[in-house]
Amino acid sequence: MANHKSSEKRILVTAKKNAVNTARRSAVKTETKKALKAIESGDKAAATAAVRSAESKIMKAAGKIMPKKRAARKISRLTKKAAKIA
């Protein structure tokens, strides 16, 4: 248990940050899965919209819950898959 006021505050702040980061990570995974599902369905319009939505979530997470280069790589791979739809 915390003995100082500052350490009590750090515990609260850490818990809030943890909740935000967990939600952000979950949102990225969900949007990525939706985009992949739309790409697999073969509907170009739906896939483009889903990839755009996923890209937005991934870029918001870049630098916070994942490295920027990993975010760029994820976006690049999704975009390539979406572009292959005839």
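Ser56 is partly exposed, at 35% relative accessibility. Partly exposed is the band between buried (under 20% relative accessible area) and exposed (over 50%), with a 1.4 Å probe and protein chains only. Accessible areas come from the Shrake-Rupley method, and for residues only the protein chains shown count as cover. Ser56 sits in helix 2. Helices here are DSSP runs (H or I, at least four residues), numbered from the N terminus. From Ser56 to Glu31 the C-alpha distance is 9.3 Å, across 25 residues of sequence.

This is a predicted model: local features need pLDDT of at least 70, side-chain atom pairs count only at pLDDT 80 or more, and totals for chains, interfaces and linings use all residues. Residues are numbered from 1 along each chain as its sequence is written, and side-chain values use heavy atoms, without hydrogens and water.

Asn18 belongs to helix 1. The C-alpha atoms of Asn18 and Asn3 are 22 Å apart, at a sequence separation of 15 residues.

| Residue | Relative accessible area | Class |
|---|---|---|
| Asn18 | 48% | partly exposed |
| Lys34 | 48% | partly exposed |
| Thr48 | 35% | partly exposed |
| Lys81 | 44% | partly exposed |

**Salt bridge**

The count is 1 salt bridge. The rule asks for a side-chain nitrogen of Lys or Arg within 4 Å of a carboxyl oxygen of Asp or Glu. Glu31 and Lys34 form a salt bridge, with 3.9 Å between the closest N and O atoms. Both sit in helix 1, 3 residues apart, so about one helical turn separates them. Glu31 is buried, at 13% relative accessible area, whereas Lys34 is partly exposed at 48%. Side chains of opposite charge can pair when their charged atoms come close.

**Positive patch**

A patch of positive charge on the surface gathers Arg25, Lys29, Lys33, Arg70, Arg73, Lys74, Arg77, Lys80, Lys81 and Lys84. Patch residues have over 30% relative accessible area and no salt bridge, and like charges are joined within 9 Å. Lys and Arg count as positive; His and the chain ends are not counted. The charge is placed at NZ of Lys and CZ of Arg. Helix 1 (5-41) and helix 3 (68-83) each supply at least two of the patch residues. Helix 3 gives the most, with 6 residues. Lys81 is placed in helix 3.

**Nonpolar core**

The largest nonpolar core holds 18 residues, and Val28, Ala35, Ile39, Val51, Ile58, Met66 and Leu78 have the most contacts inside it. Helix 1, helix 2 (44-61) and helix 3 each supply at least two residues of this core. Helix 2 gives the most, with 6 residues. A core is a set of buried Ala, Val, Leu, Ile, Met, Phe, Trp, Tyr and Cys residues joined through side-chain atoms within 4.5 Å. In soluble globular proteins, nonpolar side chains tend to be buried together.

Technical notes:
Patch = residues over 30% accessible without salt bridge, like charges linked within 9 Å, V, L, I, M, F, W, Y side chains within 5 Å. Areas by Shrake-Rupley, 256 points an atom, 1.4 Å probe, with all protein chains shown as cover.
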